[in-house]
Amino acid sequence: MRNTILFGGTNKERLVSVASAQALCDALPDADLWFWHVADTVHEVTAAQLRGHARPFEVEFEPESRGVPLAQALDRARVEGRVLVLGLHGGRAENGELQAMCEVRGVPFTGSGSASSHLAFDKTAAKRFAALGGVPSPSGIALGQLDEAFAEYGKLIAKPVKDGSSYGLIYVVASQDLVAVRNAARAEDYLIEPFISGTEATCGVLEQSDGRMFSLPPIEIVAAEGRFDYTAKYLLKSTQEICPGRFTPEVTAQLQDLAVRAHRALSCSGYSRSDFIISPKGPMYLETNTLPGLTKASLYPKALKAQGIEFADFLRDQVVLAIKSVRK
């Protein structure tokens, strides 16, 4: 089968996707490249075009070739026996819609299936299912109780329920921030939680083609200016991502156990990455990413390296898993 890297997308995280595709292209140099444009068309691009795109986190990538509708591209993938290596993030790429379109056509793709992707993308539902797997998380706050909660806790955090937390993240530390949350909640659903002071952590889970599943070394995040939003993740060099994290053996074991529990509770497959905050009571679950970033600076590749797994080997094994899942 032909490996085809699909990147881009119609949502706000398409810039990150281009950077992921650059890393994927270097690791799988023989793969074809398909770019999913914001106009919902798919375009063939060359490695030279992709590699020559500077500042992917800040500048839009524009294809030079004519595109075809997404559904038509997926039909072609089925006929031509392509495996889609997903370098996508957020939106329809991560909420299960793309995965469902592939599944009904029998097109293999890397990462979790449509049902688990849809579940994990909804942070409120993901917390509920993770809790069923024994994974603790912060309590939620209703929008109507915003003022009372702010008075009680003094600091809150709000994020879109069905979007990546890099965008739309609101730290509620003053009364004007309450207005910002209400305004944002008019456009989309928001998850509101008490702000928990503590070290931020993330832990990946990996499934391999031989049937093994295990957690990767947890990563400690020291965010620039104390906020791990899009700017801190991708633009500020002052953010520190320490892998393996400087956690006690007990906390490391807890993070690895909880990441696997979340992966299983959400029925993820292939690979995932779950985020936590280390509270005084121990790690608290925040969310699970079914398509975590795969840029050269991203957290998941760092954890793979710490585990002694080459990025190209990881990708090739995920392709094998994708093909196996279609042939079941």
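**Close-up 1. The N-terminal end of helix H7 is capped by aspartate 122.** In this predicted model, a side-chain oxygen of aspartate 122 lies 3.1 Å from the backbone nitrogen of threonine 124, and in this way aspartate 122 caps the N-terminal end of H7. Within helix H7, which covers residues 123-132, the buried residues are Lys123, Ala125, Ala126, Lys127 and Ala130. Just after H7 comes glycine 134, which takes a positive phi of about 85°.

**Close-up 2. Five strands form an open sheet with mixed pairing.** The order of the strands is S4-S3-S2-S1-S5, and the edge strands, S4 (68-69) and S5, each pair on one side only. Strands of a sheet pair through backbone hydrogen bonds, and the pairing may be parallel or antiparallel. Strand S1 (residues 2-8) pairs with S5 in the parallel sense over 6 bridges, and asparagine 3 has valine 83 as its bridge partner in S5. Strand S3 (residues 41-45), by contrast, pairs with S4 in the antiparallel sense over 2 bridges, and here the bridge partner of threonine 41 in S4 is proline 69.

**Close-up 3. Strand S5 is largely enclosed by the rest of the structure.** This description of S5 (residues 82-87) holds because 6 of its 6 residues are buried. Arg82, Leu84 and Leu86 point one way from the strand, while Val83, Val85 and Gly87 point the other way, and all of them are buried.

**Close-up 4. Phenylalanine 35 and phenylalanine 61 form an edge-to-face pair.** The structure holds 9 aromatic pairs. In the pair shown here, the ring centres of phenylalanine 35 and phenylalanine 61 are 4.9 Å apart and the ring planes stand at 65°, so the pair counts as edge-to-face. Phenylalanine 35 belongs to strand S2 (residues 32-36), whereas phenylalanine 61 sits in the loop between helix H2 (47-51) and S4, so the pair ties together parts that are 26 residues apart in sequence. Phenylalanine 35 is buried, at 3% relative accessibility, and phenylalanine 61 is also buried, at 4% relative accessibility.

**Close-up 5. Phenylalanine 311 and phenylalanine 314 form a stacked pair.** The distance from centre to centre is 6.0 Å, with 25° between the planes. Both phenylalanine 311 and phenylalanine 314 lie in helix H13, 3 residues apart, which is about one turn of the helix. In an α-helix there are 3.6 residues a turn, so residues three or four places apart point the same way. Both of these phenylalanines are buried, and together with Tyr271 and Tyr300 they form one aromatic cluster.

**Close-up 6. The largest nonpolar core has 53 residues.** Among its members, Phe7, Leu98, Leu206, Phe311 and Phe314 touch the most other members, and helix H13 (residues 311-327) provides the largest share of this core, 7 residues. Apart from this core lies another one, of 21 residues, which includes Val251, Ala259, Leu266 and Ile278. When residues up to four places away in sequence are not counted, the contacts of leucine 206 include Arg212, Met213, Tyr271, Tyr300, Ile309 and Phe314.

**Close-up 7. Glutamine 208 is buried in a loop between two strands.** This loop joins strand S9 (199-207) to strand S10 (213-215), and glutamine 208 has a relative accessible area of 15%. The side chains of glutamine 208 and arginine 212 are joined by a polar contact of 2.6 Å. Leaving aside neighbours within four places in sequence, glutamine 208 is in contact with Phe214, Ile309, Asp317 and Leu321.

**Close-up 8. Serine 272 and histidine 263 are joined by a polar contact between their side chains.** This contact is 2.7 Å. Serine 272 lies in strand S13 (residues 271-279) and counts as buried, at 1% relative accessibility. Threonine 288 is 16 residues away from serine 272 along the chain, and the C-alpha atoms of the two are separated by 6.9 Å. Residues up to four places away in sequence being left out, serine 272 touches several others, among them Cys203, Gly204, Val205, His263, Thr288 and Tyr300.

Note on methods: Residues are numbered from 1 along each chain as its sequence is written. This is a predicted model: local features need pLDDT of at least 70, side-chain atom pairs count only at pLDDT 80 or more; totals for chains, interfaces and linings use all residues. Side-chain values use heavy atoms; hydrogens and water are left out. A nonpolar core is a set of buried Ala, Val, Leu, Ile, Met, Phe, Trp, Tyr and Cys residues joined through side-chain atoms within 4.5 Å. Buried means under 20% relative accessible area, exposed over 50%, partly exposed in between (1.4 Å probe, protein chains only). Helices (H or I, at least four residues) and strands (E, at least two) are DSSP runs, numbered from the N terminus. Contact means heavy atoms within 4.5 Å. Two strands pair if DSSP finds at least two bridges between them. A polar contact is a pair of N or O atoms within 3.5 Å; within protein, one must be able to donate a hydrogen and the other to accept it, and residues adjacent in sequence count only if both atoms are side-chain atoms. Rings of Phe, Tyr and Trp (its six-membered ring) pair if their centres lie within 6.5 Å; planes under 30 degrees apart count as stacked, over 60 as edge-to-face and the rest as tilted.
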